[in-house]
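Visitor: I am new to this structure, and I would like to learn how to read its overall features one at a time.

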Protein chains: 2
Amino acid sequence: MLYLIGLGLGDAKDITVKGLEVVRRCSRVYLEGYTSVLTVGKEALEEFYERKLIVADREAVEQEADNILKDADISDVAFLVVGDPFGATTHSDLVLRAAKLGIPYRVIHNASIMNAVGCCGLQLYNFGETVSIVFWTDTWRPESFFDKVKKNRENGMHTLCLLDIKVKEQSLENLIKGRKIYEPPRYMSVNQAAQQLLEIVQNQRIRGEEPAITEETLCVGLARVGAEDQKIAAGTLQQMCTVDLGEPLHSLIITGGSLHPLEVEMLSLFSIPENSSESQSIDGV
Amino acid sequence: MLYLIGLGLGDAKDITVKGLEVVRRCSRVYLEGYTSVLTVGKEALEEFYERKLIVADREAVEQEADNILKDADISDVAFLVVGDPFGATTHSDLVLRAAKLGIPYRVIHNASIMNAVGCCGLQLYNFGETVSIVFWTDTWRPESFFDKVKKNRENGMHTLCLLDIKVKEQSLENLIKGRKIYEPPRYMSVNQAAQQLLEIVQNQRIRGEEPAITEETLCVGLARVGAEDQKIAAGTLQQMCTVDLGEPLHSLIITGGSLHPLEVEMLSLFSIPENSSESQSIDGV
């Protein structure tokens with residue numbers, strides 16, 4: 001049996017009791033290591049799970065899926081995913097390959113950023129399409145996701161923006177030379193995302209378009225959702241450019257415009273003080 | 001401290017390790033008992049958690065929130081919610097009351113139907129606004145939610161339909177006489193939801209409107225997501241009227257029209273055989 005097991009969002013103890021039991025009895029345990037991270041590293045997981053973990057990066061999952069699935073028809077293999085196996089990133093490819101090989105699979109669900117963002121008080125019902133914001137480079141500055149934000153706003157829906165994660169990236173030089181030397185991981189902050197968004201807004205103004213959002217649009221920045229030191233800050237897009245939310249992972253919500261009174265009241269728990277001389281966030285424990 | 005703890009979707013062991021540790025050390029443990037159910041009852045939870053649970057129905061949470069929060073500033077109180085505390089139903093009201101009383105709170109997240117539906121292979125990214133389908137009565141047959149389905153379809157988005165749960169309802173007679181006698185719980189099935197949807201489609205045709213969906217629209221029925229015996233069936237809305245998914249809880253997805261190839265391939269794992277003389281579902285383990 002192939003088990004796809006969600007680890008939740010915080011630390012080693014956010015796995016479910018059922019998930020932990022399965023991990024401890026599987027013959028091999030893989031840890032998906034490229035789409036998200038917990039606030040603790042692989043070693044902390046290994047200690048708590050009492051199992052050695054095999055890190056499976058994107059290459060491994062794509063190229064060595066058959067190794068991962070080896071003997072899974074006669075023994076139990078676990079594939080661990082931060083969040084939920086069918087959350088922000090789906091692992092349909094692995095499931096489909098298992099199905100083709102006649103290997104049964106089972107999903108042990110957990111919280112993912114896709115539902116845990118509800119903790120800020122915005123109702124999950126009222127979210128439209130989720131978007132991803134990627135790191136811009138000098139030559140690649142995609143704006144197309146912004147159309148989805150616009151459509152969501154037009155329909156009064158909030159937009160969850162998942163922020164880029166660069167893990168195991170090679171520099172152009174190392175890539176060309178075929179050297180498997182990797183850059184340090186990078187995680188987009190709410191500040192960076194907000195700055196890119198404001199740049200898009202400026203570009204649209206220059207082109208004479210009416211942008212769907214402005215500096216004053218109400219947004220919510222979230223960091224380390226589900227962890228003990230999670231932070232949530234509600235304020236304008238302009239404020240999101242400087243608010244200090246600390247360590248990764250960060251996510252950003254662009255609100256849909258009209259809010260339910262309960263949403264307003266909940267967000268007020270996390271609002272950035274209007275007169276703060278320097279921006280600060282309010283702990284969202 | 002007030003702890004809002006998600007229990008996940010299947011049985012007692014779907015609580016997280018962290019959640020279980022908190023439950024076992026809290027002075028009082030409430031179980032929210034009106035928005036969703038696990039496949040096991042209160043007694044099974046009490047046995048596994050090794051704690052007595054106080055069932056808090058809607059009345060209790062609304063009227064006796066202060067009792068729930070009593071002494072939570074000097075001791076630990078847990079409020080357990082099937083799924084996630086900020087999933088389909090939010091518990092913002094309890095959080096806001098705690099905040100007003102100066103009681104700190106913490107959320108321990110878990111899977112909810114809002115993210116676990118991803119297991120059918122439709123990507124969570126591509127879901128629009130979630131809707132609720134309520135039981136129709138002779139005199140109350142709301143169709144307004146259908147506009148949201150239409151808007152989602154126009155934008156190519158899937159619609160998750162949460163199906164009505166009637167727990168602790170009184171008959172009109174008992175309500176008038178003030179007798180606290182409750183009807184047996186009722187849970188809407190995918191069949192019932194599909195039949196109501198088709199009736200709306202017919203009504204629109206009679207009024208000369210072009211319905212956003214037809215008998216042939218691709219839908220996905222899900223039952224007991226996260227449990228060992230979960231079932232998923234992909235087929236037309238017409239097929240959803242008769243497919244047998246077994247015990248509650250059920251949910252229904254109306255697809256957004258154009259699907260990603262990976263979504264198509266995943267759904268094919270769950271498709272209802274075209275030539276089946278009687279409808280049947282495919283186990284979605």
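Guide: What follows goes from the fold of one chain to the way two copies are related, and the model we are reading is a predicted one.

Visitor: How many helices and strands are there in chain A?

Guide: Chain A holds 11 helices and 13 strands.

Visitor: How many of the residues in chain A are buried?

Guide: A residue is called buried when its relative accessible area is under 20%, and in chain A buried residues make up 54% of the 285. The accessible surface of the chain comes to about 12300 Å², and carbon and sulfur atoms account for 49% of that surface.

Visitor: Which share of the contacts joins residues at least 24 apart in sequence?

Guide: Counting contacts in chain A between residues at least 6 apart in sequence, 72% join residues at least 24 apart.

Visitor: What rotation superposes chain A on chain B?

Guide: A rotation of 180°, with 0.0 Å of shift along its axis, superposes them with an RMSD of 0.0 Å. The two copies are therefore related as by a two-fold rotation axis. Of the interface residues of chain A, 98% are also interface residues in chain B, so the copies meet through the same surface.

Methods
Residues are numbered from 1 along each chain as its sequence is written. Chains are lettered from A and ligands numbered from 1 in the order in which they are written. This is a predicted model: local features need pLDDT of at least 70, side-chain atom pairs count only at pLDDT 80 or more; totals for chains, interfaces and linings use all residues. Side-chain values use heavy atoms; hydrogens and water are left out. Helices (H or I, at least four residues) and strands (E, at least two) are DSSP runs, numbered from the N terminus. Buried means under 20% relative accessible area, exposed over 50%, partly exposed in between (1.4 Å probe, protein chains only). Contact means heavy atoms within 4.5 Å. Accessible areas come from the Shrake-Rupley method with a 1.4 Å probe; for residues, only the protein chains shown count as cover. Copies are superposed by least squares on the C-alpha atoms of residues with pLDDT of at least 70 in both.
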